[in-house]
Amino acid sequence: MNRVVGALEKVTEWIMALMLAVMVALVFGNVVLRYVFNSGIVAAEEIARLMFVWLVFLGATLALRRNQHLGLDFLQARLPAGVRRACAVVSHLLMLYALYLFVTGSWTQLLIGMQTYSTVLRFPMAFYAAAGFFPAIAMALTILANLWKILSGDRDAVVPGSAPQGVLVEH
């Protein structure tokens, strides 16, 4: 299972790198065309905007998977282990609820977006909502997996405020 998840992470990284490269080329090329040749690529802005939205949500999913989101755990680090664990459970449940709201809202927008189309390229606006829908499901699965680890007492569980595995903490 870890090999599959690792492979999916690598594929996601490559997709994000490709999207960023395409965005840079389109936007830079459009700027050059506008100022030098007084023309431009009409669809460049739509494509770059769609890729940016996907890039943000895919990046947020990877950051959550790798526990790289910004967090202030200095208060939790001062709590006893049991209270720290309880805080982690509550925060995971709150994140799952927020993601539930996000998934249901994205699904509604996805359905609406199937009936509306972008101005230039005429692609369904559902592509934007899908950028939130699918990564939110992946984030919920990631949080559920860690919540299970916390509740089952797994040593690999990520509990904010706890020292990562292999790190020596001095007091």
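## Helices and the loops between them

Helices here are DSSP runs of H or I with at least four residues, while strands are E runs of at least two, and both are numbered from the N terminus. Asn 67 is not a glycine, yet its phi is positive, at about 55°. Asn 38 also has a positive phi, near 55°, and is likewise a residue other than glycine. Asn 38 belongs to the loop between α1 (2-37) and α2 (44-65). For background, most residues other than glycine have a negative phi.

Before going further, a word on the model: it is predicted, so local features need pLDDT of at least 70 and side-chain atom pairs count only at pLDDT 80 or more, whereas totals for chains, interfaces and linings use all residues. Residues are numbered from 1 along each chain as its sequence is written, and side-chain values use heavy atoms, with hydrogens and water left out.

## A buried serine in a loop

Is Ser 118 buried or exposed? Its relative accessibility is 4%, so Ser 118 counts as buried; the cut-offs are under 20% relative accessible area for buried, over 50% for exposed and partly exposed in between, with a 1.4 Å probe and protein chains only. By that scale Asn 38, at 71% relative accessibility, counts as exposed. Ser 118 lies in the loop between α4 (81-113) and α5 (126-152).

Which side chain makes a polar contact with that of Ser 118? The partner is Glu 46, at 3.1 Å. A polar contact is a pair of N or O atoms within 3.5 Å; within protein, one must be able to donate a hydrogen and the other to accept it, and residues adjacent in sequence count only if both atoms are side-chain atoms. The side chain of Ser 118 also reaches the backbone nitrogen of Arg 122, at 2.9 Å. Setting aside neighbours within four places in sequence, Ser 118 is in contact (heavy atoms within 4.5 Å) with Glu 46, Phe 123 and Met 125.

## Aromatic pairs

How many aromatic pairs does a search of the whole structure find? There are six. Rings of Phe, Tyr and Trp (its six-membered ring) pair if their centres lie within 6.5 Å; planes under 30 degrees apart count as stacked, over 60 as edge-to-face and the rest as tilted. Phe 57 and Phe 102 form a tilted pair, 5.7 Å centre to centre with 50° between the planes. Phe 57 is in helix α2 and Phe 102 in helix α4, so the pair ties together parts that are 45 residues apart in sequence. Phe 57 is partly exposed, with a relative accessible area of 23%, and Phe 102 counts as partly exposed at 34% relative accessibility.

The ring centres of Tyr 97 and Tyr 100 are 6.5 Å apart and their planes meet at 25°, so this pair is stacked. Tyr 97 and Tyr 100 are three residues apart in helix α4, which separates them by about one helical turn. Trp 107, Phe 133 and Phe 134 form one aromatic cluster.

## Two nonpolar cores

A nonpolar core is a set of buried Ala, Val, Leu, Ile, Met, Phe, Trp, Tyr and Cys residues joined through side-chain atoms within 4.5 Å. The largest one has 19 residues, and those with the most contacts inside it are Leu 96, Leu 99, Leu 110, Ile 143 and Ile 150. Helices α4 and α5 each supply at least two residues of this core, and the largest share, ten residues, comes from α5. Beyond four places in sequence, the contacts of Ile 150 include Arg 85, Ala 88, Val 89 and His 92, as well as Val 158.

A second, separate core of eight residues includes Met 19, Ala 48, Leu 55 and Leu 62. Ala 48 is in helix α2 and counts as buried at 9% relative accessibility. Not counting residues up to four places away in sequence, Ala 48 touches Met 23, Leu 26 and Val 27.

## How α2 meets its neighbours

Helices α2 and α5 pack at an angle of about 5°, with their axes 9 Å apart. Axes are lines fitted to C-alpha atoms, for helices over the stretch in contact, and angles run from 0 to 180 degrees between N-to-C directions. That makes α2 roughly parallel to α5, a label for angles under 35 degrees; over 145 is roughly antiparallel, 65 to 115 roughly perpendicular and the rest oblique. Among the residues making the contact are Glu 46, Trp 54 and Phe 57 of α2 and Phe 127, Phe 134 and Ile 143 of α5.

Ala 44 is also found in helix α2, and at 2% relative accessibility it counts as buried.
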